[in-house]
Amino acid sequence: MKSVMRDRLLIAGCLLVIALQFVDILFDSSRMFIYRDFLYAFNPGKLYLSKVLQNELTLPYWNEYLLGGSPYFADPKTAVLYPLNILFALVPVKYFAATMSWFIFIHHILFFVAMFLLLRTLKVS
């Protein structure tokens, strides 16, 4: 019983620390979490995915704006079929910055939960 309570407090504390790191950008749609190559490598692809999913209601197979046209669906960097990309289909494009911030925040939470479960499975104290 004491161990369960300690685990819950540990989880809550870690989630609070993660949330505090993102609190200034999660609720401000004009700001976005940008770090190194994120701005140039991932944001344009996610923005294009968001626009195509919302305007054409289809999966983008070809990106006509990149290098005179290039495969988009087959590019591993775009990850068109990645389950969390559904956020970009559901949230309007004008909130892209907030959506990208939530996308990164959710990944941090998933990482923490997966690491916690892995360490518990390995019986690391």
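**Leu57 and helix α2.** I began at the backbone of Leu57, which follows just after α2 and takes a positive phi of about 55°; I keep in mind that this is a predicted model. I then checked the length of α2 itself, residues 38-55: at 1.5 Å a residue its 18 residues should span 26 Å, and the end C-alpha atoms lie 24 Å apart, which agrees. Next I listed the buried residues of this helix, which are Phe38, Asn43, Gly45, Lys46, Tyr48, Leu49, Ser50, Val52 and Leu53. I looked for what they pack against and found β1 (62-63), α3 (86-90) and α4 (96-121).

**Aromatic pairs.** I searched the whole structure for aromatic pairs and found 9. For Tyr82 and Phe103 I noted ring centres 6.3 Å apart and planes at 85°, so I recorded the pair as edge-to-face. This pair links distant parts of the chain, with Tyr82 in the loop between β2 and α3 and Phe103 in helix α4, 21 residues apart. I looked up their accessibility as well: Tyr82 is partly exposed at 33%, whereas Phe103 is buried at 8%. A further edge-to-face pair that I wrote down is Trp102 with Phe105, at 5.6 Å centre to centre and 90° between the planes. These two residues stand 3 apart in helix α4 and are thus separated by about one helical turn; Trp102 is partly exposed, with a relative accessible area of 31%, while Phe105 is buried at 12%. I also noted one aromatic cluster, formed by Tyr82, Phe88, Phe96 and Phe103.

**Whole chain.** Stepping back, I counted 4 helices and 2 strands, which follow the pattern α-α-β-β-α-α along the sequence. The radius of gyration is 18 Å, well over the 14 Å that the globule rule gives for 125 residues, so I describe the protein as more spread out than a compact globule. I noted that the C-alpha trace spans about 60 × 30 × 30 Å along its principal axes, and that buried residues make up 27% of the 125. Among contacts with a separation of 6 or more, 56% are between residues 24 or more positions apart.

Terms used:
Residues numbered from 1 in each chain as written. Predicted model: local features only at pLDDT ≥ 70, side-chain atom pairs only at ≥ 80, totals over all residues. Heavy atoms only, no water. Expected span 1.5 Å × (residues − 1). Buried < 20%, exposed > 50% of the residue type's maximum accessible area, 1.4 Å probe, protein only. Contact = heavy atoms within 4.5 Å. Rg over C-alpha atoms; globule rule 2.2 N^0.38 Å. Phe/Tyr/Trp six-rings, centres within 6.5 Å; stacked < 30°, edge-to-face > 60°.
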